[in-house]
Amino acid sequence: MADIYDFYDKNTSKNPISIVSICNKTLEISSYIWNKKLIVVIAGVLGAIIGLVSALIQKVDYTATYKFTIESKSGEGVGSGILSLVGLGSNDGASAFSGNNLMGLIQSRTMVENALLSPISVNGDSMTIIEYKFVCDSIREKCKTYEPEENAKTVSVCEIHYPVGQKRSTFSRVQDSLLMLTSSQLLQKSIKVEKTDKKYNFVNFSFTSKDESFSKIFATALLKEVNDFYIATRTERTNTNTKSFSVRADSIRNEMNKALYRVASVRDANLNGVAKVQVERLKYETEAR
């Protein structure tokens, strides 16, 4: 029995762990930390200051996100394009609004520029969205103290405005350039369109900016522009098809009328022939008597 006990002691109890040793170790660590308390306090204060400064300096980004479905190439799927946002739909099969074409349309510069020129009402004031962007970016606030320089080679943003109702054809070269630059920046940094589920044709559209209100307003306006373009295109196609069907129907009606006229003429000719035979027969019987 002694041999067995010695074997167990040598192989399993070389470094015994007890509650006393754990308590002693904890006291040693606590004592060490207490001796370094000044360093710990300074490190904690510095970390809090750095976090606070970082939070104050770093601006928050606001993202407006929309999720919708697009048409598949075969016209099948769970939705019918961006019109699912407003409860409309279509099953006309493949079209220019299926798949990546619609995603590209949302990211087109024309749609973004049209959205920027859309009118909105802010605190009772009517303005274009691009003007509201300048307000959100504090550009118009800085323009209050702006004084144009004489013989300046460049034009300041403070001198460029986009009033509601101005036709695009009347834009100056400077207005066109600034509008194109603004739309390009939004396309590169703020607008994101991605297909999240290939099986169900789900698409995520998101727009990010430094202003919460502007993110929502612009994202809604951009989708409205695409939606209006979708409806206008589909309506034009439907009208074209309707006119084509109407022309075909008129042609068929004309042919039917001609056929009816020919049948009526044949019937009239046959009736006249029968009447003539009856008259000749009565004349012959009279002479025979």
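User: Which helix gives the largest share of the lining of the largest pocket?

Analyst: The largest share comes from H8, with four residues. The model is predicted, with local features requiring pLDDT of at least 70 and side-chain atom pairs pLDDT 80 or more, while totals for chains, interfaces and linings use all residues. Residues are numbered from 1 along each chain as its sequence is written, and side-chain values use heavy atoms, with hydrogens and water left out.

User: What makes a space a pocket, and what makes a residue part of the lining?

Analyst: On a 1 Å grid over the protein atoms alone, a pocket is an open set of points with protein on both sides within 12 Å along at least five of seven lines, whereas a cavity is a set where a 1.4 Å probe fits but cannot get out; lining residues have an atom within 4 Å of a point. The lining of the largest pocket comprises 17 residues, and Lys133, Asp137, Ser190, Ser209 and Lys210 lie nearest the centre.

User: How many residues of this lining are charged?

Analyst: Seven are charged, six polar and four nonpolar. Asp, Glu, Lys and Arg count as charged; Ala, Val, Leu, Ile, Met, Phe, Trp, Tyr, Cys and Pro as nonpolar; and the others, Gly among them, as polar.

User: Why is the contact of Lys133 with Asp137 called a salt bridge?

Analyst: A salt bridge is a side-chain nitrogen of Lys or Arg within 4 Å of a carboxyl oxygen of Asp or Glu. The closest N and O atoms of Lys133 and Asp137 are 2.9 Å apart, so the pair meets this definition. The count by this rule is eight salt bridges.

User: Which salt bridge does Arg140 form?

Analyst: Arg140 pairs with Glu131, the closest N and O atoms being 3.0 Å apart. Arg140 and Glu131 are buried.

User: How do you know that S1 and S5 pair?

Analyst: Two strands pair if DSSP finds at least two bridges between them. Eight bridges join S1 to S5, so the two strands meet the definition. They belong to an open sheet of three strands in the order S1-S5-S4, with antiparallel pairing.

User: Why do S1 and S4 stand at the edges?

Analyst: Strand S1 (62-69) and strand S4 (191-197) each have a single partner strand, so one side of each is left without a neighbour in the sheet.

Methods: Buried < 20%, exposed > 50% of the residue type's maximum accessible area, 1.4 Å probe, protein only.
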